[in-house]
Amino acid sequence: MTKKIETLYEDKSINISQEVKIVLDIANKLRGTYKAEDYQDVIIPMVIIRRFECALAETKKAVYERYKADKEKGIEPIPKIYQKIAGFEFYNTSEFDLKKLEESPDTIAKDFKFYLDSFSENVKSILNDLNFYEQIKKLDSANKLLLIIKDFAKLDLSPENVDPIRMGYIFEDILRRYSENVNAGDHYTPREVIRCLVNVLLAEGSEDIYEPGKIIKVGDFACGTGGMISTTYDFIHRHNSSAKIYMYGQEILDKSYAICVANMLIKGQDARNIQQKNTLKYDAFPDEEFRFVIMNPPFGTPWSGEKAEAGTADFVKNDAYSDDNGKPVKGKRMGRFTHKVGKDGPEVTMTPTSGDAQLLFMQHALYKLNKQNGRAAIIVNGSPLFSGGTNSGESQIRRWLLENDLVEAIIGFPDQLFYNTGISIYAFILSYKKRPERQGKVQFINATSFYQKMRKSMGNKRKELSDSHIKKITELYADFKENEFSKIFPNEEFMYREFSVYQPMQRNYQLSAERVQNIIDSNVLSNYYDPDKVEELQLLDPIPAKEKKILDKYLLHQPLFEHLIKVLKDNVDGILYKEPKVFEDKIVGLFEGFNLYPEEKDEKSGITKTKKYLKEKVVFALSEIDKKAVVQLKRDGKPEIDKSTKDVELIPMNEVPEEYFEREVKPFVPDYIPVFEENLNGNNISIKTGAEFPFTRYFYEYQAPEKSKVLLKELKEVSSELIDLMKRFEI
């Protein structure tokens with residue numbers, strides 16, 4: 001039996017109210033110089049600067065003296081020496097700190113810039129990313145620079161009093177307060193949600209993390225401020241203090257990236273392992289594989305189209321590597337988004353709808369995981385569970401996940417759990433090494449009722465998970481048993497085949513005024529001539545070349561179509577035919593030698609094509625379904641199918657199709673003809689096997705409607721009250 005790791009929580013209650021209050025009081029002093037939404041341009045960099053300064057306080061004098069001595073001797077600065085003296089991967093070689101800067105108010109802007117320029121390159125890079133140097137001039141011009149520096153000099157952010165976990169809370173609280181207007185997907189993951197997912201990730205399949213000196217790599221490729229990898233680091237470290245845990249992250253937003261780098265530097269991590277790169281374009285760590293990946297990718301981020309970052313679609317559609325200039329390399333595919341359709345089908349690039357990249361991030365996470373024992377927790381909204389039709393990218397990605405047995409569990413969380421969105425969220429737990437009991441199965445955990453109301457809302461966040469909720473979710477996962485909150489299914493439960501269901505061709509045929517008029521009204525011959533499309537195209541100015549070609553074809557066909565309709569109207573006789581051959585001959589005979597296709601290479605080709613069109617399209621347009629008509633047969637004696645009767649049935653993979661049809665279709669359509677139209681060979685593949693995770697369906701509880709007597713009684717009471725009110729006001 002796989003060992004289950006004990007559920008862990010925060011060691012202590014984390015209270016950041018004092019620090020946050022000081023920061024907010026400082027921010028209020030920016031009023032008049034900055035708009036409220038722009039306070040972050042000053043506040044966030046200053047919090048980072050003060051944090052670095054506090055961390056360096058004990059060794060600052062030693063670094064300055066060594067730098068001064070080197071300068072006097074003409075020795076070129078050696079960063080590694082200063083890092084060693086400072087005790088961090090960063091340092092500052094000036095004699096200034098924020099407190100000392102107060103002593104020279106007349107030169108405050110100049111001295112402050114000098115102080116910032118004396119930081120190591122990695123810190124200066126963060127400040128550049130935050131565009132902070134631009135703010136110094138603005139603050140100084142408004143006579144607020146000295147005021148802000150004085151206030152921040154009083155803020156204690158020393159690592160001794162504010163540990164990295166608490167500092168992370170401060171960072172994220174400040175970010176949240178100044179980011180209330182971001183899109184629903186650009187939110188920050190509440191720490192209790194992260195703790196829950198880390199507990200689940202470590203609850204099984206993680207025995208190796210106990211090994212002395214174990215090297216463990218944790219990745220988050222939409223890392224924001226680094227909260228998820230930081231929490232994972234803290235929890236693993238508490239299991240095994242000798243483990244060497246390395247954190248890696250990719251983040252595209254400047255401010256989040258800068259804060260994440262700052263956080264990593266404080267933790268003694270290599271800041272180069274945090275990259276500001278678009279994950280959908282680039283694998284920032286091509287030579288690394290990860291034991292754990294934990295991610296909360298943005299919801300509803302477009303990867304293609306006008307709203308997507310330029311070039312993203314090329315990388316995704318081509319599943320491309322990047323060249324030295326950051327351009328996609330066409331040809332060889334990376335394998336991030338390209339997978340087999342089924343076990344023996346062709347390899348195709350599987351992409352979701354262009355407006356939502358969540359499943360692309362999930363595929364990237366699996367691409368980066370160690371293929372022997374990698375584990376991942378990915379937060380999503382409801383869309384990746386069920387959106388898209390059978391042959392859609394979303395459906396095929398889900399199918400690939402199931403056929404490769406990568407999904408351990410899906411956890412449904414309550415709504416109103418996040419700061420900047422009130423929607424419900426889910427978490428996929430993915431693994432390359434399921435324990436034996438889980439193999440071939442998926443567990444659904446319904447934790448939507450696991451929450452406690454917050455005493456005070458924070459943005460859209462009105463609910464939170466308590467420690468007991470986290471423990472319950474972790475136990476439900478690790479116990480792997482069915483109950484009211486946990487359901488277990490074979491992978492095939494979520495895969496289905498799409499069958500087309502037709503009826504045999506049984507039609508009557510008639511050249512009547514009503515049916516000819518229906519050809520015009522229903523526009524059934526629009527593939528030949530479409531008056532609505534002509535009107536639409538003529539409104540374009542200028543008209544693109546492709547559309548001009550279509551318009552020219554329609555205009556060429558217009559008089560011929562009108563002649564076709566006139567001939568049909570002139571020959572209306574109302575005779576009803578129960579089989580097609582005689583009627584076909586009649587219609588073709590009306591147009592002897594007529595050419596509907598003058599664009600063909602010669603007259604003979606046009607006439608031949610016209611006869612075919614009359615038989616296949618016009619004759620059919622003059623017909624109606626008639627169950628008393630003769631069943632039309634193919635050459636092999638089997639019934640011809642009537643494509644206009646097509647219906648679709650989605651049949652679960654674990655059900656015998658014949659039994660399904662007998663039960664669900666035959667009682668309503670006795671002469672049904674089922675066809676499974678999947679074709680995975682050749683150039684024109686047709687995919688008819690899909691997958692979805694209809695989570696809510698499995699936990700739906702029927703609520704009986706109120707009895708009619710009770711409803712009638714309530715209606716009478718309301719009516720009586722309304723009559724009394726009307727009398728009172730003499731209405």
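**A tour of salt bridges and helix contacts**

Select Asp 208 to begin: this residue is buried, with a relative accessible area of 12%, where under 20% counts as buried. The model on screen is a predicted one.

Next, select Glu 204 and Arg 435. Their side chains form a salt bridge of 2.5 Å, N to O. Glu 204 sits in the loop between α11 and β1, and Arg 435 in the loop between β11 and β12, so the pair ties together parts that are 231 residues apart in sequence. Glu 204 is buried at a relative accessible area of 1%, and Arg 435 is buried at 6%.

Move to the strands β10 and β9. Glu 408 lies in β10 and Arg 375 in β9, so their pairing ties together parts 33 residues apart in sequence. The closest N and O atoms of this salt bridge are 3.2 Å apart. In total, the structure holds 40 salt bridges.

Now turn to the helices. Select α7 (residues 121–129) and α13 (residues 254–266), which pack at an angle of about 160° with their axes 9 Å apart. The two helices are therefore roughly antiparallel. Residues making the contact include Ile 126 of α7 and Val 261 of α13.

Last, select α2 (residues 40–56) and α6 (residues 108–117), whose axes are 12 Å apart at an angle of about 65°. Show Met 46, Ile 49 and Glu 53 of α2 with Phe 112, Tyr 115 and Leu 116 of α6, which make the contact.

Definitions and conventions. Residues numbered from 1 in each chain as written. Predicted model: local features only at pLDDT ≥ 70, side-chain atom pairs only at ≥ 80, totals over all residues. Heavy atoms only, no water. Axes fitted to C-alpha atoms, helices over the stretch in contact; angles between N-to-C directions. Helix = DSSP H or I, 4+ residues; strand = E, 2+ residues; numbered from the N terminus. Contact = heavy atoms within 4.5 Å. Parallel < 35°, antiparallel > 145°, perpendicular 65-115°, else oblique. Salt bridge = Lys/Arg side-chain N within 4 Å of Asp/Glu carboxyl O. Buried < 20%, exposed > 50% of the residue type's maximum accessible area, 1.4 Å probe, protein only.
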